[in-house]
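Please look over the two chains shown here.

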Amino acid sequence: MRRTTSLALTLLIIGLLTLAGLAEAGTTLRVVFPGTSETEKQGAVRLKQYAESKLPGTKIEMMYLGWPDLEKKLSVMLPGGDIPDLVQQQEATTLVAMGALEPLDAYLARPDSTLKKEQFFEGVWNYSQYDGKMHTIPIRAISYGLIVREDLLNEAGMKLTDLKTWDDMKRAAKAMTKGNVYGYGYPLGLPRFAWREGPYIAGYSNNFDISDTSEATKTKYLEMLRLFKDLQPSMSPTTKVMGLREAFQTWGLGNIAMMPTGDFFVANLYPINPKILKVSRVVAYPKGPSAQKQWAPVANVGWAMFKGSKNKEEAWKVLSLFCSLENLTEESAMLNTPARRDIDMAKLAAASAKFYPDAVEDNRRIIGDFVSNAHPIGVPMRKILRREEMEVAFQKVMIEMLDGKLTPEQAYDRIKADIDKIKRS
Amino acid sequence: MPSLSRLGALLSRHRVPYLLLLPSVLYLVSFTIYPILNVFYLSVTDLHLVKSLVPHFIGLKNYVELIRDDPDFRRIVLNTFIWTFGSTALQFALGLATSLILNARLPWRGFWRGIMLVPWVTPIVVVGIIWRWIYDGSYGLLNYYLNTFGLLHRYVVWLGEDATVWPAILLASLWKGYPYMCLMLLAGLQTIPQDVYEAADVDGATGFRRLWYVTLPLLKPVVAIVTLVALVLTWNNFQMIWVLTEGGPAYATSVLATYVYTKGFVFFQLGSGAAVATLSILVILVVCVIYARMLRLEEREL
């Protein structure tokens, strides 16, 4: 009898506690926040606090992970039915192809929607469209260029304005390579960066996209491969094992003089060595022999909602908050260039002092360099389906070419064969 | 029908033991047997998350493509053998030497036995990150000391050069894995009766001969188990290689475990990735069977 009573009491207590827990819980949204820098990690914490303070009944479960791991993680979660609510995306091609993202046009068309197309820069807004439908709401623009150590360039007898062509860049890289300093940084160690932080950006400045292996681009492709072969003596011996993080660390230690990358540069460099930002400048990637002018690839980062989200209404509210003027004024001060055109630049500059107190002016100058590149010469980055496979094949061939096992001509044939095979299969 | 009723009677007679076994059986079925069967099923489909979320049966096409058309697959299989047998052999050699030392009467023996376990209890990701820093081509400790002591006159990119990448990975794996071997062999050594050694002494067997003719034969059952376990664990060890090199540069240090990950979760080719996983299971199964048979044969010969 006593045992039965104890059991009944225990069950009652468990039941009451469960009910209390459920009543307390409200809605919990799972938000995937990718980033590579300490600054971004802080941004994830800030964003969670911001959303929870604005929507008291909503809890945010922030899943912070590195950019290279984002799609890998989602490819495990989604087929298993473990579907988060929101995700920050750079290029959503793969997720759109998987049918994982909710088109946002119907939400935007609602009369009470606080987000309107006119609030955003047109090019940045358009980059969020896939097959004519909005799949992300942009929060930041990303533009790419060539970061240069101005002091080392001047010591080598050159000025920033001298970096107009690939030949100028090769000359500068050679002149700046001395002792422990290498003239050109290329993070070849990880496929994503072996593709983007170099050949892809160089390709745009030679008027082609490196996923395009048609006969029409052959000459341009070969020129790009020869450029990297020519730059090799100015690269660190660790190039083959260098990821983007290691490249930024090496830059922070003052051992790289020039490197192509995006406007997330400050967020990554500041925690390593804020002083080096003083001598870091950004120029458009010099133009190749087949281009009439320099080009800078431009993309965006935006928030997307999963089609399988069980809390779509709540997720849309949170997404609207994440993309609001109030939030983005602060967030854009932390990372990259703003996607909204209605942001007050004075407020943004003031906010950036919170994140970069030791490099307020340097941050403003570098972001200004990126913005001034992006506007006159920016072209939207091409969205490439199955890019991840191409990146691995491409990296493999680049390693063999830089190891001297392949000539640029042989490398081209291999890249073409591999990329064409991926496209066909 | 009689057999069914006999089964029913058996179940009702041993109701409690079967009930106690049920959770374990359910766990095994849910988390081991079902996933293995599902991996095999996926391996005969064309499931590619970018193309379609619905798998279609394609027979053995994934296997044929891997074996016949994939230019990297053979190298990856070879890498897996180098990684598995290299790691196990080195761990065994160092584990045996250490266990013999720690079995001897040493001052502070308990302390040495405890400290030996440090690499084994350190999380593998932490070990991988530490070794990556040791091997760093620009600022690594290994380069620093080798250059300081005049043994090298340049900085070597240990994880980036063909000649050094495998020795570097195997050394890291040796450091992480040898304490397990040592611990098991030490336990085995302590079961060898002292009078066997005394008899060997009387017969004039000392030093190496005592090790070769007395210790090792008596340790054989333990050796068989620990090396078999080490082979299987290393074959499936994904983390150490992933943290050190991510299977790169290119596929230079990819093994089957990392290739499954790349195929499935980087390229989203779940069908093809499952085929790599199935082949990996089959190969290690064959290796284990051959190994176990060899040991049984030797036991019979003894």
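For chain A, with 425 residues, a compact globule would have a radius of gyration near 22 Å; chain A has 24 Å, which agrees. This is a predicted model. Taken along the principal axes, the C-alpha atoms of chain A fill a box of roughly 90 × 50 × 50 Å.

Chain A is built from 18 helices and 11 strands. Of the contacts between residues at least 6 apart in chain A, 75% join residues at least 24 apart.

Now chain B. A compact globule of 302 residues would have a radius of gyration near 19 Å, but chain B has 24 Å. The box filled by the C-alpha atoms of chain B is roughly 65 × 65 × 35 Å along the principal axes. Chain B holds 14 helices and zero strands. Of its 302 residues, 33% count as buried. Among contacts in chain B between residues at least 6 apart in sequence, 64% join residues at least 24 apart.

**Helix pairs**

Two packed helices are described by the angle between their axes and the distance between the axes.

| Helix pair | Residues | Angle | Axis distance |
|---|---|---|---|
| H14(A) and H15(A) | 325-334 and 345-355 | about 55 degrees | 8 Å |
| H9(A) and H10(A) | 191-204 and 218-231 | roughly 135 degrees | within 10 Å |
| H4(B) and H11(B) | 73-103 and 207-235 | about 140 degrees | 9 Å |

Take H14(A) and H15(A). Their axes pack at about 55 degrees, and the two helices are therefore oblique to each other. The crossing is right-handed. H14(A) brings A:Thr329, A:Glu330, A:Ser332, A:Ala333 and A:Met334 to the contact. H15(A) brings A:Lys347, A:Leu348, A:Ala351, A:Ser352 and A:Phe355. By class, the contact of H14(A) with H15(A) has five nonpolar, three polar and two charged residues.

Next, H9(A) and H10(A). The axes cross at roughly 135 degrees. H9(A) and H10(A) are therefore oblique to each other. Their crossing is right-handed. On the H9(A) side, the contact is made by A:Gly198, A:Pro199, A:Ala202 and A:Gly203. On the H10(A) side, the contact is made by A:Met224, A:Leu227 and A:Phe228. The residues divide into five nonpolar, two polar and no charged.

In chain B, H4(B) and H11(B) pack at an angle of about 140 degrees. That makes H4(B) oblique to H11(B). H4(B) passes H11(B) in a right-handed crossing. From H4(B), the residues that meet H11(B) are B:Thr80, B:Trp83, B:Thr84, B:Ser87, B:Thr88, B:Gln91 and B:Phe92. From H11(B), B:Thr227, B:Ala230, B:Leu231, B:Thr234 and B:Trp235 meet them. By class, the contact of H4(B) with H11(B) has five nonpolar, seven polar and no charged residues.

**One residue in chain A**

A:Ile422 lies in helix H18 of chain A, which spans residues 408-424.

Which residues does A:Ile422 contact, leaving aside its neighbours within four places in sequence? They are A:Arg386, A:Glu389, A:Met390 and A:Ala393. A:Ile422 and A:Thr93 are 329 residues apart in sequence and 16 Å apart in space, C-alpha to C-alpha.

**Where the chains meet**

The contact takes 18 residues from chain B and 24 residues from chain A. By class, the side of chain B that touches chain A has 13 nonpolar, four polar and one charged residues.

Technical notes
Residues are numbered from 1 along each chain as its sequence is written. Chains are lettered from A and ligands numbered from 1 in the order in which they are written. This is a predicted model: local features need pLDDT of at least 70, side-chain atom pairs count only at pLDDT 80 or more; totals for chains, interfaces and linings use all residues. Axes are lines fitted to C-alpha atoms, for helices over the stretch in contact, and angles run from 0 to 180 degrees between N-to-C directions. Helices (H or I, at least four residues) and strands (E, at least two) are DSSP runs, numbered from the N terminus. Angles under 35 degrees count as roughly parallel, over 145 as roughly antiparallel, 65 to 115 as roughly perpendicular and the rest as oblique. A crossing is left-handed if the near helix is turned anticlockwise from the far one by less than a right angle, and right-handed if clockwise. Two residues are in contact if their C-beta atoms, placed from the backbone, lie within 7 Å. Ala, Val, Leu, Ile, Met, Phe, Trp, Tyr, Cys and Pro count as nonpolar, Asp, Glu, Lys and Arg as charged, and the others, Gly among them, as polar. The radius of gyration is taken over C-alpha atoms; the globule rule is 2.2 Å times the number of residues to the power 0.38. A residue is buried if 20 or more other C-beta atoms lie within 10 Å of its own, exposed if 12 or fewer, and partly exposed in between; C-beta atoms are placed from the backbone.
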